[in-house]
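Reader: Could you walk me through a helix packing and a cavity here? I have the model open.

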Amino acid sequence: MTPSWWLAPCKPIDTHALEQAQARQQQLTKPAGSLGQLETVAVQLAGLQGRIKPSLDQLWIAIFAGDHGVVAEGVSAFPQEVTGQMLHNFVNGGAAISVLARQLGASLEVVDLGTVTPSLNLPGVRHLNIGPGTANFVQGPAMTQAQGELALQAGRDSALRAIASGAQLFIGGEMGIGNTTAASALACALLDCPVMHMTGPGTGLNAAGVSHKIQVIEKALTLHAAQRGDALRILFNLGGFEIAALVGAYLACAQEGVAVLVDGFICSVAALVAVRLNADCRQWLLFGHRGAEPGHHHVLETLNAEPLLDLGLRLGEGSGAALAVPLLRLACDLHGQMATFAEAAVADRPV
């Protein structure tokens, strides 16, 4: 493992292809800007792919799973066993992301970084066994330095497999009971904002449950206050294995030159960590949707991100990002297949 590989430079965007794509948009048979965000994202993808007419035929979806020790504090409406049970559901094709991956013709990889369920050995799942979930971060660091680096590397390895397969777009998803608590704690530590602004119901807590969750996060933030200025240390102290894997995947994609479509709240917090570790990775990140978790709005605003969808989603698994893929594909088709004014013999100026 290369020490601190996550600090290596990200691939620069192809500015020539970007400028050519912008010029092409001005020549298409429509008023300039009339396709709004679809124009913007098509031009952005042109710069990322280094081609005037980008395409998104090859799609890779990686689901990273891990359990969280903070669940012992009563922060989730569901028991931890659900994480392992959902691994079965992913590979058996019954989860939302499984359905979406089939419909999109996407490669779907499931990576188990460490769950409390003993002796999981599921065909179709990569079991890495970094630990039986993270430790309870109210009592100490969620993971050791070694565990954190293994989780980062697991995300990097998935990204490299995606690239080797010819993927043009990477989507990371997550599964882990308790991970909205970890994500909220991470976001609060990185953004120095009130816990109540970053904390929501997750998998379905009632008002009393959310209030308790806020108290747990506040306690953790006090314990780990000394690490707030260190994005890597705060990731290892408050994050989850699956969140660290997402960070590693996003950074590796940016370093190798593959666009990322970021999913909801937890994935956006991972993106925030990635940007804090290596700011140049930001230009490789597209954002699929604005989720229902209250903290998501704040994280997106910090990242200056404009998501493609706003449907009140809060499922996770990469599902919101997957739902945005058809829009991205249509944006590429419109950009690449519409006629120019000259081709269509249409006047390009209003009279």
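Author: Happy to! Axes are lines fitted to C-alpha atoms, for helices over the stretch in contact, and angles run from 0 to 180 degrees between N-to-C directions. Helices (H or I, at least four residues) are DSSP runs, numbered from the N terminus. The model is predicted, with local features needing pLDDT of at least 70 and side-chain atom pairs pLDDT 80 or more, while totals for chains, interfaces and linings use all residues. Residues are numbered from 1 along each chain as its sequence is written, and side-chain values use heavy atoms, without hydrogens and water.

Reader: At what angle do helix H5 and helix H9 pack?

Author: Helix H5 covers residues 145-164 and helix H9 residues 231-238, with axes 10 Å apart. Angles of 65 to 115 degrees count as roughly perpendicular, so H5 is roughly perpendicular to H9. The packing angle is about 100°.

Reader: Which residues in H9 meet H5?

Author: Contact means heavy atoms within 4.5 Å. From H5 come Gln 145, Gly 148, Glu 149 and Leu 152. Their partners in H9 are Leu 232, Arg 233, Leu 235 and Phe 236.

Reader: Which helix gives the largest share of the lining of the largest cavity?

Author: A cavity is a set of points on a 1 Å grid over the protein atoms alone where a 1.4 Å probe fits but cannot get out, and lining residues have an atom within 4 Å of a point. The lining includes Leu 38, Glu 39, Ala 331 and Leu 334. Helix H2 (37-49) and helix H13 (319-337) each give two or more residues. The largest share, 3 residues, comes from H13.

Note on methods:
Angles under 35 degrees count as roughly parallel, over 145 as roughly antiparallel, 65 to 115 as roughly perpendicular and the rest as oblique. On a 1 Å grid over the protein atoms alone, a cavity is a set of points where a 1.4 Å probe fits but cannot get out, and a pocket is an open set with protein on both sides within 12 Å along at least five of seven lines; lining residues have an atom within 4 Å of a point.
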